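Please open the model in your viewer and keep the selection panel at hand. The tour below goes from one selection to the next and says what is found at each stop.

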Amino acid sequence: MRASRDQQSLSYPLRLPDEIQADALRLLDTSREVINLTVTALWDRLDEFATRTNTHAYKQVEEMTVPPLVHGHRQWRCEAEQAGRILRGQAERKQQFALILPLLEQGMIQPKTETKRAGKDRKAIKQAVADLREANSDGGNAVELQSLIEQSCNFYLQNGSFPDTYEEMQPVPVLRAGILPYAGDDGHRMGQTYRMSYDLDHKSLTLALRTPDERGTWARTWRENTVQVPLPDIVVTRAKAGKPLAPSLREIVEADGTRFAVLDFIVEVPVERPATFEQMQTVLGFDWGVRVLVTASVVDLDGNQIGRPFFLDTGPFDGRQARLRRQIDQLKAKVTHLEKQQDRFPIGDPRRKPSEDALPLLRREISRCWRKYEARNNDLGHLVANILLVLAIAFDCKLIAGESLKSMKSAGRGRGTKGRWRNWRNNAQVRGALWRILRYKCFLTGICLEWQQPRHTSHVCPRCGEPANTYASPEHRSKVIDWGAWLCCSNPKCLWNGSRDYAASLNIARLGAALIRHAQTTERVKHLSITDPSVQPVSYMGTRAALRLPPLASRGHLIASGRIYCNGWRLSVKLRSSYATPIMLRLCG
């Protein structure tokens, strides 16, 4: 838990007005050249960035080199800041590479056969990451370790051997799109590269940027060339509650080559003081489900289940996303076909014109589809995080326990269209937007978020702790399925059965309760396994099942076709439970 911090930085991208776009893009092109030259020049000294001699990255870069192009001292400091951030990140990645280097072996490569080309053995990679995390609790980020192993395997497939050094595998990480942080300047009032002021009452921001002209000359009167940028309501609210920090100028490049510049407005807002472990009495556990996206349950420290489970069903939403993905695949196939048609004729041949005219339109359409896809995922991430926080507050939970999927990648279970879609959702959606959004929102609200070990949580009975089998449904209990939707305890004295996602959410909540009890006793945080004897079984407690929610309001629009949907997500996402309809209407509103 980040108990030592009482502030959280939030970033909001603001598209710059059209009148300053050309100057901002020219500035980003110029700064990108300097940043890339600096990173290339210091790449041989990457190990020195593993130790941070200064808080600001630009100070460390200034100690090691001089600017390759002279554009002003403050401009150089901003460029050096970005170069230092890149090199520091690569130095940390190189340290992780030293951990996985002894694990690299040919067993991670699937050899080429008559019917299958050579590739990576993902099961061996996953096992290697798990073994490393067990052998060394400080083994680093599991996603980073797995990424490095897969990158090393890609190097093997291309060169026939694993890399001996990190630099042999990793090319110099130069920027392709421009980014310029203004953290190296003297602030928005006295800055020598930018000036910024804002009027929160009128929801506007006044900005001036020091940029070169078409001839590369840096004007001295740049402070007089100001533009007005409107501020969204959420940015105004955050700015009133917190303190704006140095912004960053960033370039966005679309698939068809269109470029535009945005200003990342960064504001530091205060956060709620997190509860201590002595104050925690209940835990909200949630599981990324198989049939539903999220299942949540509440358990207290005595091993009693508080209230009833909640299931967040995103089936209609998944269908829309799957159709959008299918549309993207069809557009990509058209682009590939037109590119082949175009390459049949030499440059200048009039027969290339139909393909040349159609390709930019198709690429622009693909870019729009991807933006819509990502925006939907981001909105769903906010919805899931908000629902989990509402449930935590309603049940007075100071800790949310979630299954750590950072080291788990869905592979080998994607039989059929539904299976492939579930793999894509788990890998690209759950592991991305949902985790990131929930983490910072919990920190803002003062609720602790702890990730638990995912092993065996969906194959252990929550009532007695014995191993349990999973089946396709309660009616199909004659055949055991490894990843069935229904769990039945194999202990003849227990015979608990229920949704596998429901059982997993209870087991994860049990792990959270065990973590709290261990921290209260030893003042240390320890993530236990579900098979550990100290993890208590859970029993259902019928009392205290009512939710502490506001009085019932008119929410008739939340019911459609007899089903209760989340407000703003009609016909897309629904929250299900065994609570009475009035209670669910309050929660969904």
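**Salt bridges and strands**

The structure holds 24 salt bridges, a salt bridge being a side-chain nitrogen of Lys or Arg within 4 Å of a carboxyl oxygen of Asp or Glu. This is a predicted model, in which local features need pLDDT of at least 70 and side-chain atom pairs count only at pLDDT 80 or more, while totals for chains, interfaces and linings use all residues. Residues are numbered from 1 along each chain as its sequence is written, and side-chain values use heavy atoms, with hydrogens and water left out.

Select K574 and D313, whose closest N and O atoms are 3.2 Å apart in a salt bridge. K574 lies in strand β22 and D313 in strand β13, so the pair ties together parts that are 261 residues apart in sequence; strands here are DSSP runs (E, at least two residues), numbered from the N terminus. K574 is buried at 7% relative accessible area, where buried means under 20%, exposed over 50% and partly exposed in between, with a 1.4 Å probe and protein chains only.

Next, select E251 and R259, which form a salt bridge with the closest N and O atoms 2.4 Å apart. E251 is buried, with a relative accessible area of 6%, whereas R259 is partly exposed at 31%.

Finally, go to strand β15 (residues 448-452), where five of five residues are buried. Strand β14 (residues 399-403) pairs with β15 in the parallel sense over five bridges, pairing requiring at least two DSSP bridges between two strands, and G402 stands opposite W451.

Methods: Helix = DSSP H or I, 4+ residues; strand = E, 2+ residues; numbered from the N terminus.
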